[in-house]
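Here is a short briefing to read alongside the model.

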Amino acid sequence: MTGRKRRSGKLANTSPSRFSTRSRFITLLLFALVAASVVLPGIAAAADNPYTSITPKSQDGDDIQLLYKIIFWIALFVFIGVQAAIVVTVMKYRRRHDDEPRPEQIHGNQRLEVLWTIIPAIVLVAVFIPTVRTMFQINDRADDSAYTIEVYGKQWWWEVQYKEPEAVANVVTANELYIPVNTRVRVELLTSNVIHSFYVPQLAGKMDLIPGHTNVMSIEATEPGMYYGECAEFCGDSHAFMRFKIMAVPQDQFDAFIAGWHQGADSDAAALTENGDVDSVPSAFGLCLACHRVGGVPNLADGTPMQDTPNGLEGGESPANMILGPNLSMFACRTTIAAGILPNNSESLYKWIHDPGGVKEGNYMAQMIKEGTVTDADIDKIIEYLKTLQPEAGCPVITGVNSDQVHSLADETTPPGDSGTDSATPEASPEASPTDQSFHAIPGVKS
Ligand code: CUA
């Protein structure tokens, strides 16, 4: 009995350990397969995501992508080398028997230490040289710009002021930024509150907006389209809801945007204002003028000219920018509201104007407008007026990349003679919050 026990004891030391080598290897392989099956579809899906940098649509994006590929392949090579060395070492030198002698104990190995200092140094130099060269190249391109715009980071939205050339000066917009395709635009980044970061993954690298300092970058889209951007630096409550878009359009559509901006409301607005004048606003909209302006609409509800604050409609020089809210010129052409969170339609507008704080935590408008501050009847009138904020000839046409996702308030048709009765959607839940699916849903993107 004892002998058999001892034999089985011996067996446990030899054959089961060989079995466990194989089982360990299989476990490792299974783990790698599971990890791959989780990661690979994610990478495939990422290519369709408009917030990805792996499908660049600009020269700058291509250059950054090339760096990414260089680093990726070097990293993969290093990873496989290190993992292989670990697996081989563990398999080859593991302890097989209890009575195996301890290997010779040594301290240090000069040859190995020199080797594993030099190899990482070579890897770092191989990454460093192309990275720095690309940074300088991209930086230099800003000097070849045909247009200059200023982008101000607000909490939590983006103001865009067109500066140069003269033809575009004083145009101010928010969150949806029109640029001509195949034309370089110099982007000066400013903020008067906290640090934000301007990031359009398909067009350019990210750059911070820093109080008291102007950062400069440039963008040039080589394909027309609607590009998604986001704030990439934590900046407070609603940092995650600080998105924007770049509309890269053919030159004629860009010119239409600039011309349309100066036009103000279309002729439908006449039926909504008290004095029948498109240069005035409806009285329900008067409250909005405390913080917002509309390019091309110079008068208050009573027909008297609006007083521009020092930094009002004309853009102004100071990063402090005295107009508190987004400029609403050509609002009906925007695809989203509240800095890219909600699709721009009557339903979203009702939610927003009814209770902005319920939609977007911590936003400034929510300090002024609570539930019930604006009556449903007035919300209706405001929405109807916002629909008229588009050029008489219609919104600029966006084609190309992501253009299937372009839907704006201007696409909403109001049945004739039914003006204002269908917009204050009673089904709209006043309790709606950013946790609702719809708030995260970006058209065409699975959340
Ligand atoms: Cu602005 Cu994060």
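Helices here are DSSP runs of H or I with at least four residues, numbered from the N terminus. With that naming, Phe79 sits in helix H2, which covers residues 59-93. Please keep in mind that this is a predicted model.

**Surface patch**
- Phe79 is part of a nonpolar surface patch of about 650 Å².

**Nonpolar cores**
- The largest nonpolar core holds 45 residues, and Tyr162, Phe198 and Ile246 have the most contacts inside it.
- Elements giving two or more residues to this core include strands E1 (147-154), E2 (157-164) and E10 (243-249), along with helix H4 (251-263).
- Strand E10 provides the largest share of this core, with 5 residues.
- A second, separate core has 32 residues, among them Val294, Trp352, Val359 and Ile379.
- As background, nonpolar side chains tend to be buried together in soluble globular proteins.

**Helix H3**
- Helix H3 (residues 110-141) has 32 residues, so at 1.5 Å a residue it should span 46 Å; its end C-alpha atoms are 47 Å apart, which agrees.
- Pro130, Thr134, Ile138 and Arg141 are buried in H3.
- H2 and E8 are among the elements that cover the buried residues of H3.

**Salt bridges**
- With a nitrogen-to-oxygen cut-off of 4 Å, the count comes to 9 salt bridges.
- Lys163 pairs with Glu150, their closest N and O atoms being 3.7 Å apart.
- Because Lys163 lies in strand E2 and Glu150 in strand E1, this pair ties together parts that are 13 residues apart in sequence.
- Glu150 has 11% relative accessibility, so this residue counts as buried.
- Glu347 and Lys351 form a salt bridge at 3.9 Å, N to O, and both belong to helix H5 (residues 346-354), 4 residues apart, or about one turn of the helix.
- Within that pair, Glu347 is partly exposed at 39% relative accessible area, whereas Lys351 is buried at 13%.
- Glu412 and Lys387 meet in a salt bridge at 3.4 Å, N to O.
- This pair links distant parts of the chain, 25 residues apart: Lys387 is in helix H8 (376-387), and Glu412 is in the loop between H8 and helix H9 (437-440).
- Glu412 is partly exposed at 27% relative accessible area, while Lys387 counts as buried at 8%.
- A network of salt bridges links Asp60, Asp63, Arg141, Arg184 and Glu220; Arg141 is also one of the buried residues of H3.

Technical notes
Residues numbered from 1 in each chain as written. Predicted model: local features only at pLDDT ≥ 70, side-chain atom pairs only at ≥ 80, totals over all residues. Heavy atoms only, no water. Patch = residues over 30% accessible without salt bridge, like charges linked within 9 Å, V, L, I, M, F, W, Y side chains within 5 Å. Areas by Shrake-Rupley, 256 points an atom, 1.4 Å probe, with all protein chains shown as cover. Salt bridge = Lys/Arg side-chain N within 4 Å of Asp/Glu carboxyl O. Core = buried A, V, L, I, M, F, W, Y, C linked by side-chain atoms within 4.5 Å. Buried < 20%, exposed > 50% of the residue type's maximum accessible area, 1.4 Å probe, protein only. Expected span 1.5 Å × (residues − 1). Contact = heavy atoms within 4.5 Å.
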